[in-house]
Amino acid sequence: MTDSDTPLDPDELGHRLTEVFDLVGPLYRRALRKLEQGEPVEGASVGVRSVLDLLLRLGPMTVPQLGRIQALSRQFVQRMVNDAVDRGWAETIPNPAHQRSSLIRITDAGRATITAVLDREHALNRQVGGDLTDAEVRACVRVLREMLKTFDHVDLD
């Protein structure tokens, strides 16, 4: 095992992960701005985009489920769902497991919208340089997942 393969002690890890947070914040805000620039094209806000993406990938869900997955308040997610429903991109359907909490399902129009958004995002992501390897991207995802677990207990409402 080389020094770069040895786990960091908690103090050093804390300092190094601060570097990650210092990059993630601006990256997130810039990416949101870029995505919002595409809103006039597809008409989907970043919040609605997130809802449609989850519904496309995971199938029908309740608003509380969508909120938990996205680490967003139920109230905010409800507004995004309402917007998606108003635009014909999602619909509410009965929930056999819970009468008072409907399932939200993506429509064909919603599929077309989120596909256009994801295609545009993919084209942007293809422009990332640095000759990144699969191992580097896997390592980045692993680090971010571990960092996210640290905040699993944070109340979102």
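## Helix crossing and core

α3 and α5 are roughly perpendicular to each other, a label for angles of 65 to 115 degrees. Their axes come within 9 Å and cross at roughly 80°. Axes are lines fitted to C-alpha atoms, for helices over the stretch in contact, with angles from 0 to 180 degrees between N-to-C directions. Helices (H or I, at least four residues) and strands (E, at least two) are DSSP runs, numbered from the N terminus.

This is a predicted model: local features need pLDDT of at least 70, side-chain atom pairs count only at pLDDT 80 or more, and totals for chains, interfaces and linings use all residues. Residues are numbered from 1 along each chain as its sequence is written, and side-chain values use heavy atoms, without hydrogens and water.

Contact means heavy atoms within 4.5 Å.

| Helix | Residues in the contact |
|---|---|
| α3 | G47, V48, V51 and L52 |
| α5 | F76, V77, M80, V81, D83 and A84 |

These residues divide into 8 nonpolar, 1 polar and 1 charged.

The largest nonpolar core has 19 residues. Such a core is a set of buried Ala, Val, Leu, Ile, Met, Phe, Trp, Tyr and Cys residues joined through side-chain atoms within 4.5 Å; buried means under 20% relative accessible area (1.4 Å probe, protein chains only). V48, V51, L52, L55, L66, V81 and I104 have the most contacts inside this core. α3 gives the most to the core, with 5 residues. Leaving aside neighbours within four places in sequence, L52 is in contact with A84, W89, I106, G110, T113 and I114.

Key. Buried < 20%, exposed > 50% of the residue type's maximum accessible area, 1.4 Å probe, protein only. Parallel < 35°, antiparallel > 145°, perpendicular 65-115°, else oblique. Nonpolar A, V, L, I, M, F, W, Y, C, P; charged D, E, K, R; others polar.
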